[in-house]
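This report looks at a site taken from a record, a neighbouring residue and a pair of helices. Please keep the sequence and the structure in view while reading.

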Amino acid sequence: MTQITVPRPDDWHLHLRDGAMLQGIVPETTRHFARAIIMPNLVPPVVTGAEAAAYRDRILAALPEGADFTPLMTLYLTEETDPADVAAAHASGLVKAVKLYPAGATTNSASGVRDFARVAGVLEKMAEIGLPLCVHGEVTDPAVDIFDREAVFIDTVLDPLRRRTPGLRVVMEHVTTKNGVDYVAAQGDDMGATITTHHLIINRNHILVGGIKPHYYCLPVAKREEHRLALVAAATSGDGHFFLGTDSAPHADPAKECACGCAGCFTATNTMALLAHVFEREGKLENLAKFASENGPAFYRLPVNAGTLVLEKTDTPAEWPAKIVTGAGPVTVFDPGFPVYWHVKG
């Protein structure tokens, strides 16, 4: 197969930042994607419905002329979040999910949750109204090894939380382990998971062997090869539990290439070509539409996009810019480390 047409895809986990960075990188997503779940971890975070509305307006103002793109807004869950405000933001159609960051887990997560008992009322309201909870699935206990934090989170936080709040719809974002894949696949239709482009391609050796590669460093950190293979199997299977969430996370190069570099891989530019490569390699191109275009809308109870995206394989390797120039500094585009012969035609 040298050409495939899929419904225009969505990105169910995206960082757009704000200000000059937003202005510089938003065209990279709107070129191929029709909608995206927008992460709320700004400084200060997007906590209330009013703040989400203001952020949405800034995103819309930054769109390239003629862009057909809808930002799907989220709220940042804190221990002071008001259940009534969450319900009102959801009822208005503005907010499509609430994001749970365990405090200290990743970039701009200092305002996240430490005491889960203090957010029980919000979670119960979300279960009542059907509003999904997107979770960054890692514990932050310094006694837990960084490569084990996802598995420990499932056992000690996620599963107990779901048992305490029946009916709560949960997305385990950027799942990175076989443990996570197996857990999600065994659940009902109230549980989903996003898988990133970069976690389908790199394992922890890519970060560390032959020198530290800061542009492969992300959180959750890439794991062993056995876990990458489990992610590839889940993504390419067509299983409705799993859908694309790039977690494309722009940082200016100086913030990545330093003694304490930021976590995040920027994949908005080349995700669809990379996914076609991965799915073809597995002999599962027929399932690309399910992963990138259909499973996510089904979980979020939204229609599949009416437009289409055409990908074509040629004898010439695809090319994309090494860096995106923004007013906040250059952002390095994820390099898979191998040639890719799939091109997005339109």
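## The D247 site

D247 sits in the loop between β9 (242-244) and α9 (253-256). Helices (H or I, at least four residues) and strands (E, at least two) are DSSP runs numbered from the N terminus. The model is predicted: local features need pLDDT of at least 70, side-chain atom pairs count only at pLDDT 80 or more, and totals for chains, interfaces and linings use all residues. Residues are numbered from 1 along each chain as its sequence is written, and side-chain values use heavy atoms, without hydrogens and water.

An unreviewed UniProt entry lists D247 under "active site"; such annotations may be inferred rather than shown by experiment. D247 counts as buried because its relative accessibility is 7% (buried is under 20% relative accessible area, exposed over 50%, partly exposed in between, with a 1.4 Å probe and protein chains only). Leaving aside neighbours within four places in sequence, its contacts (heavy atoms within 4.5 Å) include H13, H15 and H174.

## H15

H15 belongs to the loop between β2 (10-14) and α1 (19-30). With 7% relative accessibility, H15 is buried. Beyond four places in sequence, the residues in contact with H15 include D247, S248 and Y101.

## Helices α10 and α11

Where do α10 and α11 meet? M272, L275, A276 and F279 in α10 are in contact with L288, F291 and A292 in α11.
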